[in-house]
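I opened this structure to take notes for a reader who has not seen it before. My entries follow the order in which I looked things up.

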Amino acid sequence: MVKNINGQIILLLIATITPNLYAESGPATTISADESLHKIVSDISPNRIEKDIEKLVSFGTRHTLSDTTSDTRGIGAARRWIKAEFDLISANCGGCLEVFYQSETIKGTKRIPKATEVVSVIAIQRGSTDPGRYVLMSGDIDSRVSDVMDYTSDAPGANDNASGVAGTLEVARVLSQYKFNGSIVYAALAGEEQGLFGGRILAEHAQKNNWRLKAVLNNDMIGNIEGVNGVINNTTARIFAEGTRQNETSKEANLRRFTGGEVDSPSRNLARYIDLMAHRYIPNLDTMVIYRLDRFRRGGHHRPFNDLGYPGIRIMETNENYNRQHQDLRVENGIEYGDTIDGVDFEYAAKLTSLNAVSLASMAWAPTPPSQVKIAGAVLPDTTLSWAAINKQQNPQLLGYKIYWRYTDAPQWQFSRFVGDVTEFTLENVVIDNYFFGVASVSKDGTESPVVFPGAAGDFGE
Ligand SMILES: [Zn+2]
């Protein structure tokens, strides 16, 4: 039926019939997903983010090796407060969050020589129809000063990375007021500065428990608008996304040489998805998708997830201020050093937080990304894509699939065609050699999954 109809006409039809379909199988709201996503943005509160950063800074230091017994100072007090906050958020949504500590004892490493419990705080908002599918937002609990082993000096870590934890708490507050098809994980990760431990522990937990983890949004420094170079800018953000996946086999790499896919890892297509969400929903925010794992030779907590093949990116401010990162609090030659709260712009942090919120919400409402995506069309005038049918028990909201394509040197998807609820479609007179292609799943409420590039290079998993 849909095959012969022009894609635009179908979309118009969807828009008209959305409210009814929504009431049947969408989230427990009566308005369309688009309206809900706009509402989510306006519900994110810069004031609450400010209060949470203030609280996290008040623990003096959150160094991984700092005191764990005091109720007012050190990493122990900080993580207990975060746990209590998640518990409170859960109480306000009828117990909709599964909140728990996740810990492992680390010892004998360069930055954690003596046995130390590295304790993250995790909250899971369980999806209603596809609870085994996850999207994840994270920030880091720990802080540091100039000497990475100094665990007693004041290390406020207001921007690095109380901003990321405050953003994660705020997204949990807002999204816990909605119901989603897929599960959402809110993670305050520990031990980042001492060697990315919390991320590694959670990534291994995901793998061990067969999580179908489709997106990791790692937030690390989302509140600074004044660069060390003097640039002041509150209208852009960066999304770091690795190229070819870390766990690609040499056989897969060899095939990729002939099919393309160097710039279409699932992490890259996750980044493109978030970039589009910024255009659609966040006023005065443009994102710069950076074709790199992270800043030059530097690290963050999305990496341990990428190591295991999970799609993951880092969201952060565009202009960093190195005088305010990893610095002892001091004044030198008239320059103030240290990561204090006066260096955080709460309105800006709220913008990046709301970008996380709409991206997570949209993916959790959308059907799971298509799997087993294949493409054919060599020496033909047409291009044919095929994929596995999505499980409709887990994804009752599925309306159908949309094929995307773009010029090979274009950063963002340019062309698309809704093709209905089929598992194969031929784009007539579109030559395979001249474009990159992908396919997304589309929900009755209008939300879509990220675009999946064919083959192992772009695979988001089952
Ligand atoms: Zn740091």
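**Arginine over a ring**

I began with Arg406, which lies over the face of Trp413, at 4.5 Å from the ring centre. I keep in mind that this is a predicted model. I then looked up Arg268. Arg268 lies over the face of Tyr291, and here the distance to the ring centre is 4.0 Å.

**Aromatic pairs**

Next I asked how many aromatic pairs a search of the whole structure finds. The search gives twelve. I picked out Phe436 and Phe453, which form an edge-to-face pair. Their ring centres are 5.9 Å apart, and I noted 80° between the planes.

Where do the two residues lie? Phe436 belongs to strand β16 (residues 435-443), while Phe453 sits in the segment after β16. The two are 17 residues apart in sequence, so the pair ties together separate parts of the chain.

I also followed ring pairs into a cluster. Ring pairs link Trp405, Tyr407, Phe415, Tyr435 and Phe437.

**An open sheet**

I turned to a sheet of three strands. The sheet is open, and I read its order as β11-β12-β15. The pairing is antiparallel. Which strands are at the edges? They are β11 (374-376) and β15 (424-427), and each of them pairs on one side only. From one strand to the next, the twist averages 20°.

I looked at how β11 meets β12. Strand β12 covers residues 383-386, and three bridges join β11 to it. These two strands run antiparallel. For Ile375, I found the bridge partner in β12 to be Leu385.

**The disulfide**

How many disulfides does the structure hold? I found one. Cys93 and Cys96 form it, with their sulfur atoms 2.1 Å apart. The torsion about the S-S bond of Cys93 and Cys96 is about -90°, so I logged the disulfide as left-handed.

Cys93 has a relative accessible area of 18% and is buried. Cys96, at 22% relative accessibility, counts as partly exposed.

**The zinc ion**

Which residues are the protein donors of the zinc ion? I listed Asp160 (OD), Glu193 (OE) and His326 (NE2). I wrote down the spacing of the donor residues in sequence as D-x32-E-x132-H.

Asp160 is in helix α5 (residues 158-175). Glu193 is in the loop between β4 (182-189) and α6 (197-208). The two are 33 residues apart, and the pair links distant parts of the chain. I checked burial as well. Asp160 is buried, at a relative accessible area of 5%. Glu193 is also buried, at 7%.

I ended on Thr318. Thr318 lies in the loop between β8 (312-317) and β9 (330-332). At 17% relative accessibility, Thr318 counts as buried. Thr318 and Glu193 are 125 residues apart along the chain, and their C-alpha atoms are separated by 20 Å.

How values were computed. Residues numbered from 1 in each chain as written. Predicted model: local features only at pLDDT ≥ 70, side-chain atom pairs only at ≥ 80, totals over all residues. Heavy atoms only, no water. Phe/Tyr/Trp six-rings, centres within 6.5 Å; stacked < 30°, edge-to-face > 60°. Helix = DSSP H or I, 4+ residues; strand = E, 2+ residues; numbered from the N terminus. Lys NZ or Arg CZ within 6 Å of the ring centre and 35° of its normal. Pairing = 2+ DSSP bridges. Axes fitted to C-alpha atoms, helices over the stretch in contact; angles between N-to-C directions. Disulfide = S-S within 2.5 Å. Buried < 20%, exposed > 50% of the residue type's maximum accessible area, 1.4 Å probe, protein only. Donors = N, O, S within 2.8 Å, 3.2 Å for Na, K, Ca; no water.
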